[in-house]
Amino acid sequence: MSELRTEEEQLELIRNWWKENGKSLILGVAVAAAAVVGWKAWQHHQQTYYGNASALYQGLVQGVEAAQGGKASNEQLATYEHVSEQLKKDYADTSYARFAALLLGKVYADAGQLDKAQSQLQWVHDQESTTDIGELAELRLARVLFADQKGAEALGMLQDHGGLYAPERAELRGDILSQQGKAAEARQAYQEAQALYQEAGRQSPVLAMKLDDLAVAKGA
């Protein structure tokens, strides 16, 4: 009888506990289940999102590589532009959109369409000016501006703010100043580039010749 009362007491304890905690327990389990389902759905969305962006970018790269060695036709350029714009529109926060615009900027520059090259590179720079990708876009944009006879505008983009491409920026600054007939300033920029290359453990294949040319011009 004592054991039966004990069992009844235990059942009563369980009923009371369930009455007090059952709803919160069910709610907790439901929240945990929803979190697991949500996490898996988010992972699936991310995989699909980046997978689609990657596929578009790879298609663009393969198209450009297939046409490499020859000037891209207007039809090919239109296709590249379409893919790049789709990446900018639907996957703007991915690196694939930036790399596609960088690539298209080069394709347009090689095709002599400098305005369109500037547009692509400016977009990348506007998205992330302080990262390595943004700095590369800035350097390439300055080169395109220089090629487009916009040396003053290019110089404005080549201020010394350090970073991975600081040596190339200093060298390009020297190129522009040299073309403008400012030999002393060009030499100073080249020497700065030389020091930055050495500091980074890299070298420019033609920088020494550019310094020699300035020395010859000074002695002439």
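The following questions and answers explain how terms are applied to a predicted model.

Residues are numbered from 1 along each chain as its sequence is written, and this is a predicted model in which local features need pLDDT of at least 70, side-chain atom pairs count only at pLDDT 80 or more, and totals for chains, interfaces and linings use all residues. Side-chain values use heavy atoms, with hydrogens and water left out.

Q: What makes α2 roughly antiparallel to α3?
A: Helix α2 (residues 74-90) and helix α3 (residues 95-110) pack at an angle of about 155°, and their axes are 9 Å apart. Angles under 35 degrees count as roughly parallel, over 145 as roughly antiparallel, 65 to 115 as roughly perpendicular and the rest as oblique. The angle therefore makes α2 roughly antiparallel to α3. Axes here are lines fitted to C-alpha atoms, for helices over the stretch in contact, and angles run from 0 to 180 degrees between N-to-C directions. Helices are DSSP runs (H or I, at least four residues), numbered from the N terminus.

Q: Which residues make the contact between α2 and α3?
A: On α2 they are L77, Y80, E81, S84, L87 and K88, and on α3 they are Y96, A97, A100, A101, L104, V107 and Y108. Contact means heavy atoms within 4.5 Å. By class, this contact has ten nonpolar, one polar and two charged residues. Ala, Val, Leu, Ile, Met, Phe, Trp, Tyr, Cys and Pro count as nonpolar, Asp, Glu, Lys and Arg as charged, and the others, Gly among them, as polar.

Q: Why is S84 called buried?
A: Buried means under 20% relative accessible area, exposed over 50%, and partly exposed in between (1.4 Å probe, protein chains only). S84 has a relative accessible area of 0%, and is therefore buried. Not counting residues up to four places away in sequence, S84 of helix α2 touches A100, A101, L104 and Q120.

Q: How do you know that R98 is buried?
A: The relative accessible area of R98 is 9%, so this residue counts as buried. R98 is placed in helix α3. Leaving aside neighbours within four places in sequence, R98 is in contact with A92, D93, W123, V124, Q127, E128 and I133.

Q: What makes A72 count as buried?
A: A72 has 16% relative accessibility, and therefore counts as buried. This residue is in the loop between α1 (2-66) and α2. Apart from neighbours within four places in sequence, A72 is in contact with L77, Y80 and V107. The C-alpha atoms of A72 and V107 are separated by 7.8 Å, although the two residues are 35 residues apart along the chain.

Q: Why is Q149 called exposed?
A: Q149 has a relative accessible area of 65%, and is therefore exposed. Q149 lies in the loop between α5 and α6 (151-156). Phi of Q149 is near 60°, a positive value in a residue other than glycine. Most residues other than glycine have a negative phi.

Q: What makes α5 roughly parallel to α7?
A: α5 and helix α7 (residues 166-179) pack at an angle of about 15°, with axes 11 Å apart. That angle is why α5 is roughly parallel to α7. The contact is made by E135, E138, L139, A142, R143 and F146 of α5 together with E168, R169, L172, D175, I176 and Q179 of α7. By class, there are five nonpolar, one polar and six charged residues in the contact of α5 with α7.

Notes: Helix = DSSP H or I, 4+ residues; strand = E, 2+ residues; numbered from the N terminus.
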